[in-house]
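User: I have a model open here and would like to talk it through, piece by piece. Can we begin with how you name the elements?

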Amino acid sequence: MAEGPLENLQSGRKLDAAPPGCPALRLVGVTKYYGSLCALDRVDLTVRQGEIFALLGPNGAGKTTLISIVAGLVRPTAGSVEVFGYDLKKHPMKVRASIGLVPQEINYDPFFSVNEVLRFMMGYFGLKPDQKRIDAILQAFDLLDKKHSNTRALSGGMKRRLLIAKALVYDPPLVFLDEPTAGVDVELREELWKYILGLKKKGTTIVLTTHYIHEAERLSDRIGVLDKGRLVRVGTRDDLLEEFGEQVLLFELERPVEQLPHGLAELGVTRQTDGRHLVYRYRNGNGRLNEVMDLIRSSGLSVREIRDRHTQLEEVFLKILGRAGGLPQ
Amino acid sequence: MNWIGFETLLWKEVKRFLKVFGQTVISPVITTLLYLVVFGLSLGNRLPTHEGVGYVEFLVPGLVMLIIINNAFMNTTSSLFISKLQGTLVDLLVAPISNVAVLTAYVLAAVLRSLLCAGAVVAAAWLASGVTMRFPLQVLGYAFLVAVSFGLLGIGTAILSDKFEQLNLVLTFVITPLTFLGGVFYSIEVLPEPWKTISLFNPILYMINGFRHGFVGVSDVAPLLGLAFVVGSCVVLAVWDLWLLAHSRKLRP
């Protein structure tokens, strides 16, 4: 994917200015039932203008439902949605005009070429087709040589890129990317990430859903964890690590011990079954390392090596979902 | 009002059927002309005249109505249903285009396709047998309104259908029988009772006869009654479609 050609482009798009400080997206008590199945349960969420917000969650957590509600594809059972200060129910057209949606499922129109599809998208959003901008988008997504090809003839990766190009060609200030890198190769994934970060630099607000923790970690300013329809945690990566992260120290002893010396268990130290390793785990900032070290020394144990590790975001994610079996030792 | 959005959707819909011109225009025109050749030009000479109107003159308006009804319905159903199936309807559902604009664009494209087909059949009939129109404005008005009503029926059918089979059910078991039994090929005057009375409950009968009256000045029912029927159908179907576009769980669960 080429970098740069979009940066100097003016789309000519005129949106009603959002009031300063007004969030890009505000959900209050958003709930969705499909029959008796609760897909979203009283979700409150605020996404600031210009940030990249990642929604993490296992399959069926409600990520796509949440995005679809904001984009107007699914009706909420209860709750309110505001986009740049506009209420979705009262001003659906203004909300729609502000949103670019990259759906999870690849779709294509077998009747039209790549260029025609992009011209239609600009038109739907009230913009006169601007071939210069379309060419720039096509170049940015490495589709310029496929401009006149029927969309049916594109490869899977190309169709995915066209899907993203369609959502960006009218330059929406809020973009939803529903698992944009699902099923794409590593190279394209890297290119997409670069592109998404470029959009953020231009001031676009981005909400993305992903299964890949690394993707959320790499791109997002904040992360929201959805589980069974509930938004269980929202925070920056560092917030989440601070709240849920653990430090683990592994003491390798010169000689194995039969049992844990007196006092260490009270501090949270455990002995591994081989008797050669002691493990001390503590929440970030709450360690009593000096006392542990003093007790080990005063018990006459000789330490050969100390290894430490801290929690990865993936482990925090599993912990939030209540599925962690403890850190690997 | 997002006029650019409306124009874009209208243009896209017109372009869609023009891209498959052979299938959407040429093929139905050829089929209809075959009806004209077989029933009109070959068998027509052996059939009695109706109120002084020759059978070919009588048949042509019926066949033109048939092609208008089928193509208006098929244009909206297939376009909307295929985009539902392919997932590209999402592009339209997220766009800031009002339901009225969406409906109008889809229906106008259907009207254009059916009038193109109808125009070709009328031109061929004029060349072959010199068929003319007695009240051209009435013909145009009926053609337009009938195309609108079946375009509207197609929208609702496509929204509610989940399978191609369901679209075909409506066409095969509702539209085609009602059209064929609505006086395309014959006057209901030749039917025995109770079929004559039963036929009066077929709304398409009023459309075909009102249209035929514009061509030959002869109708089984009062042309004004036909007009009321077709205008009423347009209003009812438009309200139904707008309700579906706004509330149907098939579009927005």
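Analyst: Helices are DSSP runs of H or I with at least four residues, strands are runs of E with at least two, and both are numbered from the N terminus. Please keep in mind that this is a predicted model.

User: Good. Where is Phe185(B) found?

Analyst: Phe185(B) sits in the loop of chain B between α7 (164-180) and α8 (195-199).

User: Does it count as buried, exposed or partly exposed, and why?

Analyst: Phe185(B) counts as partly exposed because it has 18 C-beta neighbours inside 10 Å, whereas a residue is called buried at 20 or more.

User: Which residues does Phe185(B) touch, not counting those up to four places away in sequence?

Analyst: With those sequence neighbours set aside, Phe185(B) touches Phe39(B), Leu59(B) and Gly62(B). There is also Pro61(B), which is 124 residues from Phe185(B) in sequence, while their C-alpha atoms are 9.6 Å apart in space.

User: Staying with chain B, at what angle do helix α5 and helix α6 pack?

Analyst: Helix α5(B), residues 99-129, and helix α6(B), residues 136-160, pack at an angle of about 130 degrees, and their axes are 8 Å apart. The two helices are therefore oblique to each other, and α5(B) passes α6(B) in a right-handed crossing.

User: Which residues make that contact?

Analyst: On the α5(B) side they include Leu103(B), Tyr106(B), Val107(B) and Leu115(B), and on the α6(B) side they include Phe144(B), Val148(B), Leu152(B) and Ile155(B). By class, the residues of this contact of α5(B) with α6(B) divide into 13 nonpolar, three polar and no charged.

User: And between the chains, how many residues does the contact take from chain B and from chain A?

Analyst: The contact takes 22 residues from chain B and 27 residues from chain A. On the chain B side, the elements that give two or more residues are α1 (3-19) and α4 (89-93) of chain B, and α1(B) provides the largest share, eight residues. That side of chain B has 10 nonpolar, six polar and six charged residues.

User: Over to chain A, then. In what order do the six strands of the open sheet come?

Analyst: The order in chain A is β6-β7-β8-β3-β9-β10, and the pairing is mixed. The edge strands, each pairing on one side only, are β6 (99-102) and β10 (230-235) of chain A. Neighbouring strands of this sheet are turned by 15 degrees against each other on average, with direction ignored.

User: How do β6(A) and strand β7 pair?

Analyst: β6(A) and β7(A), residues 174-178, pair in the parallel sense over four bridges, and Val102(A) stands opposite Leu177(A) in β7(A).

User: Which helix packs on the sheet?

Analyst: Helix α1(A), residues 63-71, packs on the sheet, touching β3 (52-56), β6, β7, β8 (205-210) and β9 (222-227) of chain A, and its direction makes about 150 degrees with that of β7(A). Helix α5(A), residues 156-168, lies across β6 and β7 of chain A and runs at about 175 degrees to β6(A).

User: How many residues of α1(A) are buried?

Analyst: Nine of the nine residues of α1(A) are buried, so this helix is largely enclosed by the rest of the structure. Among them are Lys63(A), Thr64(A), Thr65(A) and Ser68(A). Just after α1(A), Gly72(A) takes a positive phi of about 85 degrees.

User: Which strands form a hairpin with two residues between them?

Analyst: That is β1(A) with β2(A), and Gly35(A) in the turn has a positive phi of about 65 degrees. β1(A) and β2(A), residues 37-47, run antiparallel and are joined by seven bridges, with Leu37(A) as the bridge partner of Tyr34(A). β1(A), residues 25-34, also pairs in the antiparallel sense with β4(A), residues 78-83, over five bridges, and there Leu27(A) stands opposite Val81(A).

User: One more: in what order do the four strands of the open sheet with antiparallel pairing come?

Analyst: Those strands of chain A come in the order β12-β13-β11-β14, with β12 (269-271) and β14 (303-310) at the edges. The twist averages 20 degrees from one strand to the next. Within this sheet, seven bridges join β11(A), residues 246-253, to β13(A), residues 277-283, and the bridge partner of Glu252(A) in β13(A) is His277(A).

How values were computed
Residues numbered from 1 in each chain as written. Chains lettered and ligands numbered in written order. Predicted model: local features only at pLDDT ≥ 70, side-chain atom pairs only at ≥ 80, totals over all residues. Axes fitted to C-alpha atoms, helices over the stretch in contact; angles between N-to-C directions. Parallel < 35°, antiparallel > 145°, perpendicular 65-115°, else oblique. Left-handed = near helix turned anticlockwise from the far one by under 90°. Contact = placed C-beta atoms within 7 Å. Nonpolar A, V, L, I, M, F, W, Y, C, P; charged D, E, K, R; others polar. Pairing = 2+ DSSP bridges. Buried ≥ 20, exposed ≤ 12 C-beta atoms within 10 Å, placed from the backbone.
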